[in-house]
Amino acid sequence: MLRPPHDRYQRLYVYHLAMDLLPEITDPDFIGGWLEDGKPILFFHHDKQQLVEELCRQHNGTIFYQADLDYSDWEAGHAITAFAIDDLTVAPIWEKTPADIRLDPSVIFGSGFHPTTRMCLAMLLKYLSAPELAINTMLDLGCGTGLLGIAAAMRGVKKITAVDYNSLACELTGKNAERNGVGNRIVVEQRDLLKGLPDTKVDLVVANLYRDLLRQLFQNKAFWQGNLYIISGFISGMEEELLAALPDKGLRMLERTRGDNWCLWVLLRTGQC
Ligand SMILES: C[S@@+](CC[C@H](N)C(=O)[O-])C[C@H]1O[C@@H](n2cnc3c(N)ncnc32)[C@H](O)[C@@H]1O
């Protein structure tokens, strides 16, 4: 995350370590990190070879991968800047232009520059503006930066549970929610969805995830207790397989759209799945 003296991301110094814990780091150039397959991956604004080698000595670990790259390369070649979806404007915190949402995207998925995030945001705005649906509660499964939940809170959703297994995503979602004045509407839960679900009895479930996790969720009855579902995170070649994994009753497909080969479905639950 951005902390003084840093006010934007330029170069990223990444270290993936063979050790079993996420070490505590107070260095002002530390951006954040998380455990990837149980091993810490750490991000800094500057070269921290010495500090990381010292951490390895302390915790009996080794560096098994390291790289430095431009922030835009981490963000798949995008220069992260302000954008709008319908009448909602989003800007990174280092831009001074007025915007509805000011976001620290950090090094977490959900800057708003991936087609699935954009499609989810557009669909979210569309369905939140349908008063007959009365969407007051929402689950954001795989919340990343928290952008979708924050947008929902700003459009009147009263209670959002934002879930991610990534510790930095959870911390960032909380900070971004507070920064945008909706911290009181968003509860952040660090949880691995492969190991268990939060309560899905909500008006809207948004799940921008990936094929294998979606297939597993589709086959879990506990997933299907919400009213409306916005689902994305898979490409068109995976659609048939995922369609086959849906429960055979209790759902109506309201929309099937694509953007840049990425798919998004909107499903309404009409009965017991
Ligand atoms: C495609 S990103 C979506 C982020 C954001 N919701 C958006 O639309 O931009 C998927 C998110 O799901 C999280 N995730 C992946 N597998 C997960 C799991 N098993 N349990 C919880 N979160 C998971 C990732 O850490 C990531 O933040």
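Q: Where is Ala 134 found?
A: Ala 134 is found in the loop between helix 3 and strand 8 (137–141). Helices (H or I, at least four residues) and strands (E, at least two) are DSSP runs, numbered from the N terminus.

Q: What sort of model is this?
A: It is a predicted model: local features need pLDDT of at least 70, side-chain atom pairs count only at pLDDT 80 or more, and totals for chains, interfaces and linings use all residues. Residues are numbered from 1 along each chain as its sequence is written.

Q: Back to Ala 134. What is its phi?
A: Ala 134 has a positive phi of about 45°, although it is not a glycine.

Q: Which residues does a cis peptide bond join?
A: Pro 4 and Pro 5, with omega at about 10°. Pro 5 sits in the segment before strand 1 (11–18).

Q: On to the ligand. How many residues surround it?
A: 22 residues surround the ligand. A residue counts as near a molecule or strand if its C-beta atom, placed from the backbone, lies within 6 Å of it. The closest are Gly 110, Thr 117, Gly 142, Gly 144 and Tyr 165.

Q: Which elements give two or more residues to that shell?
A: Helix 3 (115–128), helix 4 (147–154) and strand 9 (159–164). Helix 3 gives the most, with three residues.

Q: How does the shell split by class?
A: Twelve nonpolar, eight polar and two charged residues. Ala, Val, Leu, Ile, Met, Phe, Trp, Tyr, Cys and Pro count as nonpolar, Asp, Glu, Lys and Arg as charged, and the others, Gly among them, as polar.

Q: At what angle do helix 3 and helix 4 pack?
A: About 20°, with their axes 10 Å apart. Axes are lines fitted to C-alpha atoms, for helices over the stretch in contact, and angles run from 0 to 180 degrees between N-to-C directions. The two helices are therefore roughly parallel to each other (angles under 35 degrees).

Q: Which residues meet there?
A: Thr 117, Cys 120, Leu 121, Leu 124 and Leu 128 in helix 3 meet Leu 147, Leu 148, Ala 151 and Ala 152 in helix 4. Contact takes C-beta atoms, placed from the backbone, within 7 Å. This contact has eight nonpolar, one polar and no charged residues.

Q: And the domains: how is the chain divided?
A: Into domain 1 (11–74) and domain 2 (104–269). These bounds come from an automatic or database domain assignment. Eight residues from domain 1 and five residues from domain 2 make the contact.

Q: Which element gives the most on the domain 1 side?
A: Strand 2 (residues 30–36), with four residues. That side divides into six nonpolar, two polar and no charged.

Methods: Contact = placed C-beta atoms within 7 Å. Parallel < 35°, antiparallel > 145°, perpendicular 65-115°, else oblique.
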